[in-house]
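Have the viewer open as you read.

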Amino acid sequence: ILEWLMTIFSIVFALSLFILLPLGLTSWISNSDQHPMLYNMIAGVIRITIFLTYLFLISKTKDAKRLFEYHGAEHKVVYTFEHGDDLTIANSNQYPTQHPRCGTSFMFIIMIVAILTFMVIDTLFIQLFGEITLLNRLFMHILFIPLVSGIGYEILKFSSKYHNNIILKYLIKPGLWLQNITTSPPDDTQLE
């Protein structure tokens with residue numbers, strides 16, 4: 001039962017931190033509730049700021065530092081496997097800790113996709129019902145999380161497949177830069 005309670009708490013915490021808080025703050029600090037483009041841009045900037053702050057703060061803890069070294073080891077080994085090299089420590093050490101299909105990049109893509117998708121959803125809602133309230137917006141944004149995640153996943157797959165494309169190279173850079181927080185160079189025992 002404790003596992004269920006922790007799972008429920010984690011879901012509520014994440015929804016509160018990354019959806020309710022940005023939407024509530026945006027409604028409180030701006031007068032843009034009925035302007036989906038501006039509203040979602042402000043909420044998106046707040047959401048990204050919360051995410052970056054969260055990553056930065058946890059990266060300073062001892063346990064997270066060790067975890068991020070293992071994360072770097074994972075990426076190095078994945079690169080080794082993808083390039084068909086023998087899975088040895090020496091071969092893995094030649095690859096970077098940043099990987100284009102990383103979950104950190106995925107989270108950043110999700111946040112950008114959320115801004116754009118929720119602009120469209122909010123605009124349609126306002127056209128259909130005349131106005132949108134914070135409660136309507138909160139419900140709609142939670143309801144459409146799977147859509148946003150699906151679009152983000154397809155973008156991640158596409159950008160990973162064509163990462164040498166000149167345009168996509170620059171579009172995936174923020175996610176790779178963000179991995180400078182969530183990955184660290186591992187030691188040989190972690191690679192092993």
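What covers the buried residues of H2? Keep that in mind through the points below, and remember that this is a predicted model.

1. Let's start with the helix itself. H2 runs over residues 36-59, which makes 24 residues. From its first C-alpha to its last it reaches 34 Å, close to the 34 Å expected at 1.5 Å a residue.

2. Now the answer to the opening question. The cover over the buried residues of H2 includes helix H1 (2-29), helix H3 (62-82), H5, H6 and helix H8 (166-182). The buried residues themselves include Pro36, Tyr39, Asn40, Ala43, Gly44, Ile46 and Arg47. Further along H2, Ile48, Ile50, Phe51, Leu55 and Ser59 are also buried.

3. Have a look at the loop between H1 and H2 too, where you'll find Ser32. Ser32 is buried, because its relative accessible area is 1% and the cut-off for buried is under 20%. Beyond its neighbours within four places in sequence, Ser32 touches Thr26, Leu38, Tyr39 and Ile42.

4. The axes of H5 (residues 103-129) and H6 (residues 134-143) come within 11 Å and cross at roughly 130°. H5 and H6 are therefore oblique to each other, and their crossing is right-handed.

5. Which residues make that contact? On the H5 side they are Phe118, Ile121, Asp122 and Phe125, and they meet Asn136, Arg137, Met140 and His141 in H6. By type, the contact has four nonpolar, two polar and two charged residues.

How values were computed:
Residues are numbered from 1 along each chain as its sequence is written. This is a predicted model: local features need pLDDT of at least 70, side-chain atom pairs count only at pLDDT 80 or more; totals for chains, interfaces and linings use all residues. Side-chain values use heavy atoms; hydrogens and water are left out. Axes are lines fitted to C-alpha atoms, for helices over the stretch in contact, and angles run from 0 to 180 degrees between N-to-C directions. Helices (H or I, at least four residues) and strands (E, at least two) are DSSP runs, numbered from the N terminus. Angles under 35 degrees count as roughly parallel, over 145 as roughly antiparallel, 65 to 115 as roughly perpendicular and the rest as oblique. A crossing is left-handed if the near helix is turned anticlockwise from the far one by less than a right angle, and right-handed if clockwise. Contact means heavy atoms within 4.5 Å. Ala, Val, Leu, Ile, Met, Phe, Trp, Tyr, Cys and Pro count as nonpolar, Asp, Glu, Lys and Arg as charged, and the others, Gly among them, as polar. The expected span of a helix is 1.5 Å times one less than its number of residues. Buried means under 20% relative accessible area, exposed over 50%, partly exposed in between (1.4 Å probe, protein chains only).
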